[in-house]
Amino acid sequence: NQEAIRFVEQLTVLANKLGIAIDTRPFTPHVTLVKKTSSLTPMAFEPVFWQSNSVCLVESLPKTNGVSYRLVETWDAGQ
């Protein structure tokens with residue numbers, strides 16, 4: 001989606017201006033369903049079509065037993 005790509009480009013410019021280190025890999029929208037699992041069970045499923053009317057900035061914070069996530073800010077898609 002071109003709007004998402006433009007949004008990421010704007011965020012990248014802002015982060016660079018603020019001296020915030022960012023991931024340099026190309027933007028790929030995704031949802032993580034499973035992380036760091038020792039086994040996977042194959043499952044058949046139908047595609048999920050997901051729409052969102054907002055976007056959030058979430059900070060991942062490393063912990064000794066994994067990661068916690070802190071919601072920094074939320075924006076409506078129209079802003």
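The legends below accompany close-up views of a predicted model of a protein chain.

**View 1**
Along its principal axes, the C-alpha trace of the protein chain spans about 45 × 35 × 25 Å. Of the 79 residues in the protein chain, 1% count as buried.

**View 2. Confidence of the prediction along the protein chain.**
The protein chain has a mean pLDDT of 85, and 97% of its residues reach 70 or more. Within the protein chain, confidence is lowest in α1, where the mean is 86, and highest in β2, where the mean is 90.

**View 3. Helix α1 and the residue just after it.**
Helix α1 has 17 residues and reaches 24 Å from its first C-alpha to its last, which is close to the 24 Å expected at 1.5 Å a residue. Just after α1, G19 takes a positive phi of about 75°. K17 has its place in helix α1, and with a relative accessible area of 68% K17 is exposed, since a residue counts as exposed when that value is over 50%. The C-alpha atoms of K17 and L71 are separated by 22 Å, and these two residues are 54 residues apart along the chain.

**View 4. V58 in strand β1.**
V58, which is found in strand β1, is partly exposed, with a relative accessible area of 43%. Between the C-alpha atoms of V58 and K17 there is a separation of 19 Å, the two residues being 41 residues apart along the chain. S68 and V58, ten residues apart in sequence, are 10.0 Å apart in space when taken from C-alpha to C-alpha.

**View 5. S68 and W75 in strand β2.**
S68 has its place in strand β2 and is partly exposed, with a relative accessible area of 22%; the residue is not counted as buried because that class requires a value under 20%. W75 also has its place in strand β2, and at 32% relative accessibility W75 counts as partly exposed. The C-alpha atoms of W75 and L57 are separated by 8.6 Å, with the two residues 18 residues apart along the chain.

**View 6. The largest pocket of the predicted model.**
About 2,600 Å³ of space lies in the largest pocket. This pocket is lined by 43 residues, of which V8, L11, F27, V55 and C56 are the closest to its centre. Helix α1 (2–18) and the strands β1 (54–63) and β2 (66–76) each supply at least two residues of the lining of the largest pocket. The largest share of that lining, eleven residues, comes from α1. Sorted by class, the lining of the largest pocket has 23 nonpolar, 13 polar and seven charged residues.

**View 7. The second largest pocket of the predicted model.**
In the second largest pocket lies about 180 Å³ of space. The residues that line the second largest pocket are L33, V34, L40, T41, P42, M43 and F45. By class, this lining has six nonpolar residues, one polar residue and no charged residues.

Technical notes
Residues are numbered from 1 along each chain as its sequence is written. This is a predicted model: local features need pLDDT of at least 70, side-chain atom pairs count only at pLDDT 80 or more; totals for chains, interfaces and linings use all residues. Side-chain values use heavy atoms; hydrogens and water are left out. On a 1 Å grid over the protein atoms alone, a cavity is a set of points where a 1.4 Å probe fits but cannot get out, and a pocket is an open set with protein on both sides within 12 Å along at least five of seven lines; lining residues have an atom within 4 Å of a point. Grid points are joined across faces, edges and corners, and a volume is the space filled by probe spheres set on the points. Helices (H or I, at least four residues) and strands (E, at least two) are DSSP runs, numbered from the N terminus. Ala, Val, Leu, Ile, Met, Phe, Trp, Tyr, Cys and Pro count as nonpolar, Asp, Glu, Lys and Arg as charged, and the others, Gly among them, as polar. pLDDT is the predictor's confidence in each residue, from 0 to 100. The expected span of a helix is 1.5 Å times one less than its number of residues. Buried means under 20% relative accessible area, exposed over 50%, partly exposed in between (1.4 Å probe, protein chains only).
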